[in-house]
Each structure stands twice: as structure tokens, then as C-alpha cells.
Amino acid sequence: MPLVIMCGYPACGKSRRSLQLKEHLERNGLSVAVVSDETERLDRNAVYSDSGQEKNARGTLKSRVQRLISKDTIVILDSLNYIKGFRYELFCVAKNQRTPSCVVYCISNRDKSKELNASRPSGYTPAVLDALIARFEEPDSRNRWDSPLFTILLEDPLPLEQIEEALCNANAPKPNRSTQSQPLSSADFLYEVDRRTQEVVQRILERQSTSFPGEAIPVLGSAESVAVDHTLTLAELKKWRKQFLEFTKMHPSNDADKIATLFVQFINNALNR
């Protein structure tokens, strides 16, 4: 069943909207599970004031979604989900399960979020609240991972019927090679992964020395370019290459021609986190 990704500033009504949607879907006979910072017992002020803890928290939330998402249960992820790269990862989770997803964006302004946060006994500290608002990456319906996008103002009623229609009657996206597990491959294929990823790393290092900051770097053998926003170091590229090699061992493929494209997708996803 589908995945609902709640999104918005801290203290903007996401949990209230999640409960409204859950109750509506359950009244229509659907099974719904809500995943949130609270269900995973995350200390929000501790988590969101430390980048390492926050990364681990996102992993915890994603893992819980992966365990719960199934043909019988709609999952609502009631969290900030303010990083576009993380929303893309969640989109891929749903895509791999051959089920639709949507984003519900609860709009608030800085002053209103501060007002609502101050009225809560366990709210964010002012410093954490300001930092999260500053880092917020607004969803965009032009991005496939942010679509369909339902944008809700604080005083607006939740479009329950439209959301249910998008979840239950939309065609599920087809998994692609970057999200779908493939048949086991041979030792020759793993050799090709090692060789071609090394070529990609070398290509990036060579091209970025003559490229402008922010310029996309084309990669030979890949249908996509690397969308760099800063000069990538050899250490960064080696780290991502190692992670990709481990990923390939767990999710191998027999299509060597797709290796470069998959690795470029992997790098772009890492840059968006």
C-alpha cells in the first residue's frame, strides 16, 4: 500500500494532519500505520542539533517505513522530511515496492511556527527551530519524488478525498535498476563494477579541474551527468565508490552497460542528502 510523506516546518500541524488522514482512511476500511519521531522515541532537540545523530535518525525512520510498507498497509511518515534527498530516498522505497507515494506539505511561516512551538511543553529549542527552518528545502511538484504534492495552509481543510484518490487509484511507478534488486551476478560482473566505477571517479576528477562551479559533469558510458555543487575530493569519491560496491554486492545486476549510470545516480543522491 502507498506511502504518505508529510513535510513542513517544525510545529506547523503535520501530526494533526497525519491523524486526520489516518482516521479518514481507517473509516474507509484501510489499514494505516504512522511513523514519527515520537514512535521511534527520538529526542528531537538532541537529534536535530547534531548532524551525525540526525543522519542516524533519518536511517531509523526510513528503516521503519521499509518494514511496514506492504500490500496491506498505508504508511504515513509524520516527520520534518525537509531534505529533498531524503524525500527522494523515500520515493525510491515506495517505487521498489511498486506502490504510489505522495507528499503533503503543511505550509507555515516562521513566526507562526515559533508561536505554536512555544505553546507546546516539549517543543524545539529556539536555536534548533531556527536552524531547521533555515535548512528547509521546499518540495516542488516538478520533481517526480515530490509528486503528487498536496500543499496545505494552516487554516485549510485537508483534501482527504483527493489524497485517498492519489494513494489508492494511481498507477504504481515501475521500479528501475537503481531501486530494484536484480539476479545474482558473476565474478566477471563484479570486476566490471570495480573497473567502470574507477573510470567514473577518474573522469570526474579530470573534468572538474576545467569546469565551472555547479556545472554538470558528463560521464562516458552514463546517460546522466554528475550535478556537482562543490569541488569533489578524491576522499569523497572513494567513500561513495566503496559504498556503491557494497550496494552492488547486495543488489547485483547482470547489465554491465548500466554500471556507470547507476554509479552517477548514486553520487547525485549522495550529494542531495
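This note goes through the predicted model point by point, from overall dimensions to single residues.

1. Basis. The model is predicted, so local features are held to a pLDDT of at least 70 and side-chain atom pairs to 80 or more, while totals for chains, interfaces and linings use all residues. Numbering starts from 1 along each chain as its sequence is written, and side-chain values use heavy atoms, with hydrogens and water left out.

2. Overall form. Ten helices and seven strands make up the secondary structure of the protein; helices (H or I, at least four residues) and strands (E, at least two) are DSSP runs, numbered from the N terminus. Along the principal axes, the C-alpha atoms fill a box of roughly 55 × 40 × 30 Å.

3. Of the 273 residues, 46% count as buried. Buried means under 20% relative accessible area, exposed over 50%, and partly exposed in between, with a 1.4 Å probe and protein chains only. Contact means heavy atoms within 4.5 Å. Among contacts between residues at least 6 apart in sequence, 79% join residues at least 24 apart.

4. Surface and charge. The accessible surface of the protein is about 14200 Å², and carbon and sulfur atoms account for 49% of it. Areas come from the Shrake-Rupley method with a 1.4 Å probe; for residues, only the protein chains shown count as cover. There are 37 positive and 35 negative side chains, and the centres of the two sets are 3 Å apart. Lys and Arg are counted as positive and Asp and Glu as negative, without His and the chain ends; each charge is placed at NZ of Lys, CZ of Arg, CG of Asp or CD of Glu.

5. Strand β4. Six of the seven residues of β4 (residues 101-107) are buried, so this strand is largely enclosed by the rest of the structure. Strand β1 (residues 3-8) runs parallel to β4 and is joined to it by six bridges, with V4 opposite C102. Strand β5 (residues 149-153) also pairs with β4 in the parallel sense, over five bridges, and here V103 stands opposite L149. Pairing requires that DSSP finds at least two bridges between the strands.

6. Strand β3. Six of the six residues of β3 (residues 73-78) are buried, so β3 is largely enclosed by the rest of the structure. Both of its faces are covered, with T73, V75 and L77 buried on one side and I74, I76 and D78 buried on the other. Three bridges connect β3 with β1 in parallel, and L77 is the bridge partner of I5. Six bridges connect β3 with β2, again in parallel, and A33 stands opposite V75.

7. Two buried serines. S18 is in helix α1 (residues 14-27) and is buried at 2% relative accessibility. Beyond its neighbours within four places in sequence, S18 is in contact with M6, I76 and D78. S113 is in helix α5 (residues 110-118) and is buried at 0% relative accessibility. Leaving out residues up to four places away in sequence, S113 touches Y9, P10, A11, C12, S108, L129 and I133.

8. I152. This residue belongs to strand β5 and is buried, with a relative accessible area of 4%. Residues up to four places away in sequence aside, I152 touches R17, V104, Y105, C106, I107, P157, L158 and P159.

9. Backbone points to check. Most residues other than glycine have a negative phi, and most peptide bonds are trans. The peptide bond from S147 to P148 is cis, with omega near -5°, and P148 lies in the loop between α6 (126-135) and β5. Phi of R41 is positive, near 55°; R41 is in the loop between β2 (31-36) and α2 (44-47) and is exposed, with a relative accessible area of 77%. Phi of R98 is likewise positive, near 55°; R98 is in the loop between α4 (84-96) and β4 and is exposed at 52% relative accessible area.
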